[in-house]
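Subject: Structure handover

Hello,

Here is the structure I promised to pass on. My notes follow below it.

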Amino acid sequence: MAIFKQPVVNFENAEIGTVDLLPEIFKIEEINKHLIWEAVRHYLAKRRQGTAKTKDKSEVSGSGRKLWKQKGTGRARIGSIRSIIWRGGGIAHGPNPRSYDYAFPKRARRAAVRHALSVKLAAGQLMVIESWNVASHKTKAMIATLGKLGVKGTALLVGTEISENATRASNNNPKLGTASSTGVNVYDLIKYEQIIFSKDAILALQEVVKP
């Protein structure tokens, strides 16, 4: 398949040029949904803190003495007040700090990004603008700019280097997110309704994930 041209617009939503994109990245016909799911699952597992912790029998407070003699009382034998069957005792087989990360091949991650990008482009949810050099850091100004671009829902702004004004304008809006071209992941591509790349960013990402 030959390289195709994607329109590049300015903040007034006027076409000012095109960018050459690879169809094997942005126009995959047979989408591997399971691969996208696996990439999202790996991303969410990797970012889990894994700090859940309970105390076992050796860690809870309480004396280690035997509470009563082994025989002759008519009561069940007991060795320690810290036993797991007592209220306030240790927890058996409780969680301990751990990493939830697991091996997921780099080639598979890049392939998942390609499939997610193809889904977005096919749905008309991918846009390329000239750059993210906005004049104002005000959230209201950013909302107005995105309104001119036809963006109404959630959006991810992607650039090689997002300008300070664009970052500050987006941080106060829960519907907006920012990412560098090398930091784009499948989770964010699926999470946000609209993906808006700067021209430099989409070319940089294309070089990273091309097969």
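One point before the rest: this is a predicted model. I start with Asn13, which sits in the loop between strand E1 (4-9) and strand E2 (15-21). Asn13 is not a glycine, yet its phi is positive, about 65°. Its relative accessible area is 37%.

A second residue with a positive phi is His93. Its phi is near 60°, and His93 is a residue other than glycine. His93 belongs to the loop between helix H2 (33-46) and H3. Here the relative accessible area is 85%. His93 is therefore exposed, as the cut-off for that is over 50%.

Now the interior. In soluble globular proteins, nonpolar side chains tend to be buried together. In this model the largest nonpolar core has 35 residues. Those that touch the most other members are Phe26, Leu117, Leu126, Val186, Phe197 and Ile202. Helix H3 (residues 106-122) gives this core its largest share, 7 residues. There is also a second, separate core, with 16 residues. Val9, Ile129, Met142 and Leu149 are among them.

Which residues does Ile202 touch, leaving out those up to four places away in sequence? The contacts are Val19, Leu21, Phe26, Leu126, Val128 and Phe197. Of these, Phe26, Leu126 and Phe197 are also named above, with Ile202, as residues that touch the most other members of the largest core.

Best wishes

Technical notes
Residues are numbered from 1 along each chain as its sequence is written. This is a predicted model: local features need pLDDT of at least 70, side-chain atom pairs count only at pLDDT 80 or more; totals for chains, interfaces and linings use all residues. Side-chain values use heavy atoms; hydrogens and water are left out. A nonpolar core is a set of buried Ala, Val, Leu, Ile, Met, Phe, Trp, Tyr and Cys residues joined through side-chain atoms within 4.5 Å. Buried means under 20% relative accessible area, exposed over 50%, partly exposed in between (1.4 Å probe, protein chains only). Helices (H or I, at least four residues) and strands (E, at least two) are DSSP runs, numbered from the N terminus. Contact means heavy atoms within 4.5 Å.
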